[in-house]
Amino acid sequence: MSDLTVQILQAVLALALAPLLTGMVRKTKASLQRRCGASIFQPYRDIARLMRKEAVVSHDASWIFPAAPTFILAATWVAAALVPMFAFANGLSSAADFIVIIGLLASTRFALALAGLDIGTSFGGLGSSREMLFATVAEPAILMLIFALSLICGTTRLVDIAGFIQGTQVAPHISLLLAFAGLAMLAVVENGRIPVDNPATHLELTMVHEAMVLEYSGRHLAQIELAASLKLLFYVSLISAVFLPWGIAPAGASLGQIALGLIVYLFKLAVAAKLLAFFEISIAKMRVFRVPQFTGVALMLGLLAVILLLVSRSF
Amino acid sequence: MLIFAALICQAVLVGIAGFAVCTAAARWANGIVYSATAVACLTGLGIALTCLLGQTQPALALPIGIPWVGMHFRIDALAAVFLAVVNLGGAAASIFAVGYGRHEQFPQRVLPFVPAFLAAMNLVVLADDAFTFLLSWEGMSLLSWALVVSHDRTAENLRAGLIYMAMAGFGTLALLTAFAVLTGSGGDFTFAAIRAHGVSPALSGVVLWLALMGAGSKAGIFPLHAWLPLAHPAAPGHVSALMSGVMTKVAVYGFVRIVFDLMGPVDWTLSIAVIAVGAVTALLGVLYALMQHDLKRLLAYHTVENIGIIFVGLGMALAFRSSGLAAAAALAFTAALFHVFNHSLFKSLLFFGSGAIQNATGERDMDRLGGLIRVMPQTAVAFLIGAAAISALPPLNGFASEWMIFQAAFLSAGLPQWGLRLMIPAAAAVLALSAALAAACFVKAFGITFLGRARSEAASSAKETDKASRFAMFALAAGCGVAGIAPGLYTNLLRPAVQMLTQAAMPFATLPAPLAPVAASHNTYNGLVIALCVVAAMLIVAIGMKVFANRRTRRSDTWDCGHPEANVHAQYTAGSFAQPIRRVYASIVFRAREAVHMPPPCDLAAARIETSLNDPAWILLYAPVGRAISVVSGRLNPFQHLTIRYYLGIVFVTLVVLLTVLAIWP
């Protein structure tokens, strides 16, 4: 299949599979808590229901408020489409390396934080201010992880990083393990999962992400929810592409290889959902001011990986 | 010919200044003076671009100044780059001021100085000998000082002027000494002669530190930045833009000219100093900025941050160059120069925005603004673009230059020196941290100022700014967009200057193709494709919502979990937005403290929270120096009130001592 077809297929599937991943996480969490839980397809129904409803917008809202969800969903979608999921496509990879993808997510955070401030409610301001605080440690941490990967693989382009790790018999680098742990922690922070934030919280003072989107309803909320699911899918795809790229079909692969790659990818998603759910129910939410320390550990892991690699490339 | 035209431009600017002296009081003078200034600056921009594209290096010596020395001027590739930055910023500020300047209370205190200030900055860049350079540099300092104290009714502005004067004097002294060391005993002040005899390795460290102090104090590196956040906001809006967006770049030019060009090869150990100073400046600059609630002061502190980023880029270029990694040096140097250009665009834009707000509301304090997006919608859009650009968000220009700096940092593993290999990743992490803090700061700056509900009568009844000001802001915003999606256009223009100083250049960028940091690298970035992808995805989402979703929108009251608060002061303020960051970072760096005063039960007095910050630069550097000066001058004070006999005695003793020294001198 041609590059472009694969690229479009990945983009479409990313959007289509994102709510399923969220549904799987919720279902697993429910069963681990000995609840029955909703079907794994419930997030699709939620989004469809929100889209059927009218949108309520405050009198105090400016154009930023309705425009932000569209931008956030679009930019997250582009970022997710740039990660190799089940097949390598070089179509867009020359336009964006790892840093650009992180930059795209930073733009969505910027837009969401502004939307939180738009109406002038205290909860919105609280969410925005905390979200930006969390990002301040997360961004240098992720840059250090990219630095470590570029030292191992000699590139910052995701396709090449994944190809390098897939292609060579990489001995278990210690620095690679450190980077893996760091990226997993960052994924938890960036997606607002427990212990950093609770996506299902009902207590306003503990909210971060939910506090910013409190005023959203109808189709705007549907876009925000879809973007949040997509971001989770993005991080799962990213971790699996960088650290476990096995099963990703090569560029120019046949339909059969791609189908196989897709099956492997779905398996990875299911495993990731189980692991995330297990992690979330086994830990308590931490105080807001502990989060920078948690993220700081990821930063230290990244720095340690870089320093180890500078000492010797074989670490 | 070109250099002659460039000098004519400066003469015209001085002429405009003279015209303004005579006519400033008239109402019609504002439009004429600033239009003429804009035309002169655009001509200067054209000359700079012609030199860059034609790769000519016109030079000229004028028989004025010191007898038998004269004044030398030259537009080489480096000068042309900075000439373009100065004149672009100058033209934008002049166009903005056509509208903005009409509100000026004392036009005769501002109008004559702006064209002269621009001419002085241009002459610094054009100078080809140390005498002309220092003379123009001092002129630039004095004229900008006059503009800083143009509104001298407030004690704050007077203090800013005093501190600026002291720091400018210190900076010029350092540069003067640097040039004295560079010139040596030969006495030939021309840059060509200085370049030819070079500087001994023992003295190169001295020159670099002097240049770092002299140019750095003007650019605003920590801890010599203290005057900058006081002086830049004190000036009128367009002058703040010129000082922050352009004058700091002239200072960077001074540093680059001395360290990269005149000094010759620089030892790698010195690059450590430049990188360290840059990283500390970037981080502290943005942390200071986050603590502000005065919009213009916040922007001024951000200049400090961006100067830090530029110095990290320059330091990396020095490090790579000293180890012979020419391609990496070219990348780092291009990134620094590109960031110089980018910062002049978005910082001017943001200062224009704050000037427009100050004109419309009379306020600079963000905690008394809010909701301006409704009354000043166009200013809000322009300011938002500038805020996103300075926060290094793709696909705007701030991201492109920071991306290049990160790519250069990734090449540091090829350096042979351990110190640098460990230092550059740490500096990159600091830059990423300051980029994230900058994003937080501009969410605050835009969100508190433009979003939410108006916190004062002035903010709710503000009017959109005039056409000329809006034109200037949107022109700069468009520049930020173009430089972001087509960075190759600019890196190509920078190639001659980079080639001149690092003996290599970034790969030539053919436009629709992505930007590659070094030849044959796969780490490419194509801002255009990313922008198109995001726009396409937004269209798909919007169309999808139109087709599949309920299109009805109902306007209603704010929900806020069922407890909407009618009091506008219950909204998040600049201080409360920064509170988490203050607790996490500033409690260490600035020893920030919070004290909550709760009234006893049944007492109806309001509860208060007091926060205090301690500026380490003032506590550790300026306060001790100030105390030392006052102690010394206190001790010397009695010498002012002696009788004539004592003075004669002192003269006699001095004479004897000096003669004795001369007698025993070998």
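**Entry 1. Residues 6-25 of chain A**

I looked up residues 6-25 of chain A and found the span to be 100% helix and 0% strand, with its end C-alpha atoms 27 Å apart. I take helices (H or I, at least four residues) and strands (E, at least two) as DSSP runs, numbered from the N terminus. I note that this is a predicted model, in which local features need pLDDT of at least 70, side-chain atom pairs count only at pLDDT 80 or more, and totals for chains, interfaces and linings use all residues. Residues are numbered from 1 along each chain as its sequence is written, and chains are lettered from A and ligands numbered from 1 in the order in which they are written.

I checked the record: UniProt, in an unreviewed entry, places the feature "transmembrane region" at several spans of chain A, including 6-25 and 132-158. UniProt positions are given in the numbering used here, feature names are shortened, and annotations may be inferred rather than shown by experiment. For residues 132-158 of chain A I read 85% helix and 0% strand, with 26 Å between the end C-alpha atoms.

**Entry 2. Helix α1 against helix α9 in chain A**

I then examined how helix α1 (residues 3-32) of chain A packs on helix α9 (residues 218-243) of chain A: the angle is about 90° and the axes are 8 Å apart. This makes α1(A) roughly perpendicular to α9(A). Angles under 35 degrees count as roughly parallel, over 145 as roughly antiparallel, 65 to 115 as roughly perpendicular and the rest as oblique. Axes are lines fitted to C-alpha atoms, for helices over the stretch in contact, and angles run from 0 to 180 degrees between N-to-C directions.

I listed the contact residues; among them are A14(A), L17(A) and L21(A) of α1(A), and L226(A), L230(A) and L233(A) of α9(A). Residues are in contact if their C-beta atoms, placed from the backbone, lie within 7 Å. The contact of α1(A) with α9(A) divides into 11 nonpolar, two polar and no charged residues. In this scheme Ala, Val, Leu, Ile, Met, Phe, Trp, Tyr, Cys and Pro are nonpolar, Asp, Glu, Lys and Arg are charged, and the others, Gly among them, are polar.

**Entry 3. The annotated domain of chain B**

I turned to chain B, where an unreviewed UniProt entry gives "domain: NADH:quinone oxidoreductase/Mrp antiporter transmembrane" for residues 127-412. I found residues 127-412 of chain B to be 79% helix and 0% strand, with the end C-alpha atoms 34 Å apart.

I also looked at helix α13 (residues 295-322) and helix α14 (residues 326-361) of chain B, whose axes come within 8 Å and cross at roughly 175°. That makes α13(B) roughly antiparallel to α14(B). Their contact has 18 nonpolar, six polar and three charged residues.

**Entry 4. Backbone details in chain B**

I searched for cis peptide bonds and noted one joining F222(B) and P223(B), with omega about 0°. P223(B) is in the loop between α9 (201-219) and α10 (228-234) of chain B. Another cis bond runs from P394(B) to P395(B), with omega near 0°, and P395(B) is in the loop between α16 (377-390) and α17 (397-410) of chain B.

I recorded a positive phi of about 60° at Q503(B), which is not a glycine. Q503(B) is in the loop between α21 (487-502) and α22 (527-548) of chain B, and is exposed, with 12 other C-beta atoms within 10 Å. A residue is buried if 20 or more other C-beta atoms lie within 10 Å of its own, exposed if 12 or fewer, and partly exposed in between, with C-beta atoms placed from the backbone.

C602(B), not a glycine either, has a positive phi of about 75°. C602(B) is in the loop between β4 (593-597) and β5 (608-612) of chain B and counts as exposed, with 5 C-beta neighbours inside 10 Å. I found that β4(B) and β5(B) pair in the antiparallel sense over five bridges, with R593(B) opposite S612(B) in β5(B). Strands pair if DSSP finds at least two bridges between them. Of the five residues of β5(B), zero are buried, so β5(B) lies largely in the open.

**Entry 5. Where chain B touches chain A**

I examined the contact between the chains, which takes 69 residues from chain B and 73 residues from chain A. On the side of chain B, α18(B) gives the most, with 15 residues. That side divides into 44 nonpolar, 15 polar and 10 charged residues.

I also noted that strand β1 (residues 55-58) of chain A runs parallel to β3(B) and is joined to β3(B) by four bridges. S58(A) stands opposite S556(B) in β3(B).

Definitions and conventions: Two residues are in contact if their C-beta atoms, placed from the backbone, lie within 7 Å.
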